[in-house]
Amino acid sequence: MTSASDLEQLADLELQREEEEEEEEEQTCVTDAPSSVLPDSSHPYYDVARHGIVQVSGDDNYGRKLIIFSSCCLPPSHQLNHQRLLEYLKFTLDQYVEMDYILVYFHHGLRSSNKPSLKWLREAYNEFDRKYKKNLKTLYVVHPTNFIRIVWNIFKPLISHKFGKKLTYVNFLDELREHVNFEQLVVPADVLRHDEKLRAAQRGGAPPPVKKPPPRPPLPTQQFGVSLQYIREKNGGATIPPVLLQTVRYLKENGLRTEGLFRRSARVQLIKDVQKLFNLGKPVNFAQYGDVHVPAVILKTFLRELPEPVLTFRVYSQVQDILNVENILRVTRCKQIVESLPEHNFIVVKFLLCFLHMVSQESISNKMSPSNLSCVFGVNLVWPRHGSISLTALTPVNIFTELLIEHFHTVFSSRRAAGEVTP
């Protein structure tokens, strides 16, 4: 029987061996956080956040929040207070643990010089009580090595069987694409290069992979993954997409007082089945599923899969600037931004936000205040044309969304558009 101390020593030796192999092929260094994700210096954990170790990157394919930990962004241990890192990780998770969420751990870049001690890892695991573990749906470990497997054996006696089932090893980034919205993911450049190197080694001298055929044109009845304009043209000029209309009206009648509405996920296969029905133009009866979280997830999925966000790419930079506007003027600025939208987008946004305002009015029962709703819907309403939303960029997005929900009547009162529909 190998003792825990022997396993710890073995883990350290394995990590050193992996470093030596890597250094023989190329010299690597710690990745700096891109300037786009750097937090404001007033951030309570600026000393940790500035490294970009932890990021929130929108949702996975089923509406669950994605939180990323990148080892290659860890600076040398003497430059980082690991206790502060733990506090910052909890500070970040505290905003999302009341809803279902996913953790993605990029292992590449962990080195002897920057790895936290195993003692710290034990303390961290114990710090994360049931509140953090209950709604964690999956922990993806990307590019695992023998070091990871040895550490897993060290921690196995401490880890419950239920939590252990949430661990999924991902050997290549392509595997991750099957589960998450990869375009929203903040993947460090070092991780991308490492993945390409691994795939090249796997291919060896094999012929290049066959090119994927071009995507098929969408079905006339397609609802997911096509533009608002396409849906309108194929649905007799209807201003509100059928998925949005049906989910909102069902939830208005059956889900307004459901605690944690929009924070819970549903069975993955069930969501796929419902999407297929909508895409084939077949009727969907949400009552038969007996779960209001099904239409809630379908609604978020519809918004997230739009080729262009419902608030349009154009307003993203304006939303990011909301923090530079004085508090007393922010609602007025939100109104200006919303009123500048194309007419069809304005109609759809007004319909959706009217409903979310209704949800927030029942927050005593459903616990979904404007702030909580903004954490869920912000990244599904607006995102940049290129890349993904960083943890820093998420703050103004959530503030903007919260203002739209809380001050719905003020923001949307002036402009009237033909074809408006009420929830």
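Q: At about what angle to β1 does helix α3 run?
A: In this predicted model, helix α3 comprises residues 82–93. The helix lies across three strands, namely β1, β2 (65–70) and β3 (101–106). Relative to β1, helix α3 runs at about 15°.

Q: Which strands form the edges of the open sheet?
A: The open sheet has five strands with mixed pairing, in the order β1-β2-β3-β4-β5. The twist from one strand to the next averages 25°. An edge strand pairs on one side only, and this applies to β1 (54–59) and β5 (167–170).

Q: How many bridges join β2 to β3?
A: Strands of a sheet pair through backbone hydrogen bonds, either parallel or antiparallel. Strands β2 and β3 run parallel. Within this pairing, F69 stands opposite Y105 of β3. The bridges that join β2 to β3 number six.

Q: Which residue of β5 does L139 stand opposite?
A: Strands β4 and β5 run parallel and are joined by four bridges. Strand β4 spans residues 136–142. The residue of β5 that stands opposite L139 is L167.

Q: Is I102 buried or exposed?
A: Residue I102 is found in strand β3. Buried means under 20% relative accessible area. Because its relative accessibility is 0%, I102 counts as buried.

Q: How far apart in space are I102 and Y140, C-alpha to C-alpha?
A: Leaving aside neighbours within four places in sequence, the contacts of I102 include D60, R64, L66, I67, L136, T138 and Y140. In sequence, I102 and Y140 are 38 residues apart. In space, the C-alpha to C-alpha distance between I102 and Y140 is 7.8 Å.

Q: With which residues is L176 in contact, its neighbours within four places in sequence left aside?
A: In the largest nonpolar core, L176 is one of the residues that touch the most other members. Once its neighbours within four places in sequence are left aside, L176 is in contact with V104, F106, Y140, V142, V170 and L185.

Q: Within what arc do the buried residues of α15 fall, seen down the axis of the helix?
A: Helix α15 covers residues 330–339, and its buried residues are R330, V331, C334, K335, I337 and V338. They line one face of the helix, because, seen down the axis of α15, they fall within an arc of 165°.

Q: Which helices are included in what covers the buried residues of α15?
A: The buried residues of α15 include V331, I337 and V338. The cover over the buried residues of α15 includes α14 (316–320), α16, α19 (391–406) and α20 (408–412).

Q: What is the relative accessibility of H143?
A: Residue H143 lies in the loop between β4 and α6 (146–155). Although H143 is not a glycine, its phi is positive, at about 60°. H143 counts as buried because its relative accessibility is 4%.

Q: What is the relative accessibility of K367?
A: Residue K367 lies in the loop between α17 (363–366) and α18 (370–381). K367 is a residue other than glycine, and its phi is positive, near 65°. K367 counts as partly exposed because its relative accessibility is 43%.

Q: What share of the residues of the protein count as buried?
A: The secondary structure of the protein comes to 20 helices and five strands. Among contacts between residues at least 6 apart in sequence, those that join residues at least 24 apart make up 81%. Of the 423 residues of the protein, the share that count as buried is 52%.

Q: How many contacts does the stretch of residues 24–30 have beyond near neighbours in sequence?
A: The protein averages a pLDDT of 84, and 88% of the residues score at least 70. Over residues 24–30, however, the pLDDT is below 50. Beyond near neighbours in sequence, the contacts of this stretch in the model number 10.

Definitions and conventions: Residues numbered from 1 in each chain as written. Predicted model: local features only at pLDDT ≥ 70, side-chain atom pairs only at ≥ 80, totals over all residues. Heavy atoms only, no water. Helix = DSSP H or I, 4+ residues; strand = E, 2+ residues; numbered from the N terminus. Buried < 20%, exposed > 50% of the residue type's maximum accessible area, 1.4 Å probe, protein only. Core = buried A, V, L, I, M, F, W, Y, C linked by side-chain atoms within 4.5 Å. Contact = heavy atoms within 4.5 Å. pLDDT = per-residue confidence, 0-100. Arc of directions from axis to C-beta. Pairing = 2+ DSSP bridges. Axes fitted to C-alpha atoms, helices over the stretch in contact; angles between N-to-C directions.
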